[in-house]
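Keep it plain for someone new to the structure.

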Amino acid sequence: MESKKILVAGSIVLDIIPEVYIPKGQPIPEIFLSEGKTTECSYTHIYLGGEVGNTGLGLKKLGCDVRLVSKIGDDSVGEIVREILNRYDTDYTLIEMMGEQSSASVAIALPGKDKMTLHSRGASQLFKAADITDEMLEGVKLFHFGYPPSMKYLVENEGEELEDLLKNVKSKGITISLDMSLPDLKTFLGHVNWRPILQRILPYVDLFLPSLEESIFFLHREDYVEMVRKAGANNLLDYIDVRGMAEKLADELLEMGGTIVMLKCGHEGMYLRTAEKERWGNMGKAAPNSLNGWYDRKIWQKPVKVKRILSRTGAGDIAIAGFLSSFLHEDNAKTALGIAAWAASICIQSYDTISGLCPLNEL
């Protein structure tokens with residue numbers, strides 16, 4: 001089968017995760033992270049996160065032909081990012097920005113709980129359309145971009161810069177895949193009106209791969225703010241009709257453009273919605289040769305059960321890596337969704353995101 005080169009671009013983050021050991025069945029101590037107290041960790045994991053670190057290197061471990069593009073600052077964090085990337089036999093470009101810091105996060109991952117993250121914004125959130133050059137796109141069949149809601153230059157003026165980026169890529173016949181992120185509601189990016197931006201960009205996007213929570217925020221911000229208020233510090237998905245909401249929003253997103261919508265729905269799994277046959281003509285160079293099993297699909301995929309969850313960090317990004325690798329391998333929609341769930345299940349059984357992954361044929 002012909003190799004289909006993927007360009008993965010967008011956010012790259014140096015992730016630092018302290019491993020907090022809590023015996024199975026034991027409650028989380030009340031003094032955990034209390035003022036003036038020390039909480040001992042058994043190990044500290046340092047690895048690359050963000051779209052490029054998770055999905056990009058995940059695709060590499062799954063056996064795909066990947067080119068990575070991101071931005072770093074001229075600081076020690078950027079040096080560590082480059083050193084880690086050098087461990088992988090893959091083609092990458094890091095655009096170094098003088099006077100800027102690199103993106104980094106410290107995530108507290110308690111067993112069985114979703115992560116709590118302290119994030120330092122940096123160079124990888126300063127993308128502009130011109131950062132993706134025609135030279136970078138040579139030979140590329142699939143362009144996957146991650147986390148535009150964290151990138152102020154791309155979303156200003158109702159997404160004009162983001163539209164320019166996607167329009168240029170699409171003009172070369174390249175298939176476009178887009179992942180999203182949830183901005184801090186207290187920041188400028190948290191107050192951006194995403195509905196007109198999505199209406200502007202989704203006609204260029206072939207595979208739209210956000211989470212359900214992100215989609216509620218993008219399409220129904222006022223409802224989302226009220227949901228967050230009611231859920232408090234708890235998981236918002238425990239307070240809504242996940243399946244009903246996912247099916248409604250997927251249809252709404254598909255009407256705006258694109259061909260495939262996959263919503264990541266946390267502990268409920270994933271929901272796939274695809275367009276009817278007449279919408280597949282402009283899919284681009286990465287389209288499967290046989291599209292049987294892809295037209296007008298509505299598929300729910302349950303999570304794969306695992307014995308113990310160590311960290312959910314990056315599971316959505318790794319699900320995307322599994323889905324895209326299977327899509328490029330000419331699998332049908334149901335198989336691709338199953339591979340996505342399986343890849344995510346491997347991710348949550350480790351503290352990092354990609355160490356447990358293996359080539360797609362073994363998966």
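## Salt bridges and a covered strand

Asp 134 and Lys 172 join their side chains in a salt bridge, 3.2 Å from N to O. Asp 134 sits in the loop between strand S7 (116–120) and strand S8 (140–146), and Lys 172 in the loop between helix H3 (152–170) and strand S9 (175–179), so the bridge ties together parts 38 residues apart in sequence. Here a salt bridge is a side-chain nitrogen of Lys or Arg within 4 Å of a carboxyl oxygen of Asp or Glu. Helices (H or I, at least four residues) and strands (E, at least two) are DSSP runs, numbered from the N terminus.

This is a predicted model: local features need pLDDT of at least 70, side-chain atom pairs count only at pLDDT 80 or more, and totals for chains, interfaces and linings use all residues. Residues are numbered from 1 along each chain as its sequence is written, and side-chain values use heavy atoms, with hydrogens and water left out.

Side chains of opposite charge can pair when their charged atoms come close. The count in this model is 16 salt bridges. Among them are these pairs:

| Pair | Closest N to O |
|---|---|
| Arg 82 – Glu 96 | 3.6 Å |
| Arg 273 – Asp 251 | 2.8 Å |

Arg 273 lies in strand S12 (residues 270–274) and Asp 251 in helix H7 (residues 242–256), so this pair connects parts that are 22 residues apart in sequence.

How covered are these residues? Buried means under 20% relative accessible area, exposed over 50%, and partly exposed in between (1.4 Å probe, protein chains only). Asp 134 is partly exposed at 45%. Lys 172 is partly exposed too, at 28%. Arg 82 has 29% and is partly exposed. Glu 96 is partly exposed at 42%.

Salt bridges also form a network, which links Arg 195, Lys 248 and Glu 252.

Now to strand S1 (residues 5–10). Six of its six residues are buried. In a regular strand the side chains alternate between the two faces of the sheet. In S1, one side carries Lys 5, Leu 7 and Ala 9, the other Ile 6, Val 8 and Gly 10, and all are buried.

Which strands pair with S1? Two strands pair if DSSP finds at least two bridges between them. S8 runs parallel to S1 over six bridges, with Gly 146 as the bridge partner of Gly 10. Strand S4 (residues 66–73) is also parallel to S1, over four bridges. There Val 69 stands opposite Ala 9.
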